[in-house]
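Thanks for coming. I will talk through one structure, starting with a cavity and then turning to the aromatic rings.

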Amino acid sequence: MKKVLHGILFVLLCAVSEQAGAALVAYDGFAYPTGWIASEGGFGWVPGNQWGSNAYSASPGDTYPYMQTIGNRISCIGADTTYTRIGFRAIDTGPESLAAQSDLVKNENIGNDGREVWISFLCTASSGYGWKAVSLYSGAIEKRGLASAGTANPDKWNILGHATGINVTEKIYVLIRIEYRPGDDLITGWINPNLPDGKDGLGVSTWTRVTDCAFDNIAIRTAGYDTLYVDEIRIGTSYEDVCGAPSAANPYPADGQSDVAPGITTLTWDPVYAGTGA
């Protein structure tokens, strides 16, 4: 089943999230035409800001069991042995932004003490050659995220500085929670959670503490002529924002598939049903 492109989907997705009590503050499902990305997509990003000159919209997009997805996926190609900021996009943290409306902004970054942020995305690489990462940044300062060492072939993914043992050529679903606190912020990460189990079923995780994990942009980088694919970047204030949950009107697909069927023009989920496995 191929994904369906709908230009108004992003606005509808945001509206549905807010109506259900959720708060997606930034999203990109990469529903761009196949080819070099030369336009803005998704929502919650700085107006006029795109993913970069080496960002390509590749078909088909990625899927994950029980997740509704749209569009293509971003494809970033490295250069020789030097990693670069190939895909780099700034999140809107202005006074009228979705992030500000969710009380997440402090000093023009997402990172207000006492608040919680959830981030998720799909990721895979074409080969194990070359260093690669999907990272959070504050200005030009890298914070935390998903990365590989680039020292083995096939290489392995690390999340928040912890080894996963998963080859970079395997598609993974990354879920990150940041709890902003006075002093050290707490970051927790999961790989490939079973979405029907909900937040309470996330199970064993890796975690790390950092002095500050405030951020205002996301970087997708790779090196060594390798290709890194990323899809469905979601930033919100709850597990339900970024993972979704079933509702009576929109249950999980019976076959576990995640593509939007032809004719469907919006993604809907209801946080009320989170963790029920319904």
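Which residues line the second largest cavity? They are Ile119, Phe121, Val134, Ser135, Leu136, Arg144, Gly145, Ile176 and Ile218. A word on the source: this is a predicted model, where local features need pLDDT of at least 70, side-chain atom pairs count only at pLDDT 80 or more, and totals for chains, interfaces and linings use all residues. Residues are numbered from 1 along each chain as its sequence is written, and side-chain values use heavy atoms, with hydrogens and water left out.

A cavity here is a set of points on a 1 Å grid over the protein atoms alone where a 1.4 Å probe fits but cannot get out, and lining residues have an atom within 4 Å of a point. Strand 9 gives the largest share of its lining, three residues (strands are DSSP runs of E, at least two residues, numbered from the N terminus).

Now the rings. Rings of Phe, Tyr and Trp (its six-membered ring) pair if their centres lie within 6.5 Å; planes under 30 degrees apart count as stacked, over 60 as edge-to-face and the rest as tilted. That rule gives nine aromatic pairs. In one of them, Trp45 and Trp51 have ring centres 5.5 Å apart and planes at 65°, so the pair is edge-to-face. Both Trp45 and Trp51 are buried, meaning under 20% relative accessible area (1.4 Å probe, protein chains only). Ring pairs also link Phe30 and Tyr32 with Trp45 and Trp51 in a cluster.

Methods:
Buried < 20%, exposed > 50% of the residue type's maximum accessible area, 1.4 Å probe, protein only. 1 Å grid on protein atoms, 1.4 Å probe; cavity = no way out; pocket = protein on both sides within 12 Å on 5 of 7 lines; lining within 4 Å. Helix = DSSP H or I, 4+ residues; strand = E, 2+ residues; numbered from the N terminus.
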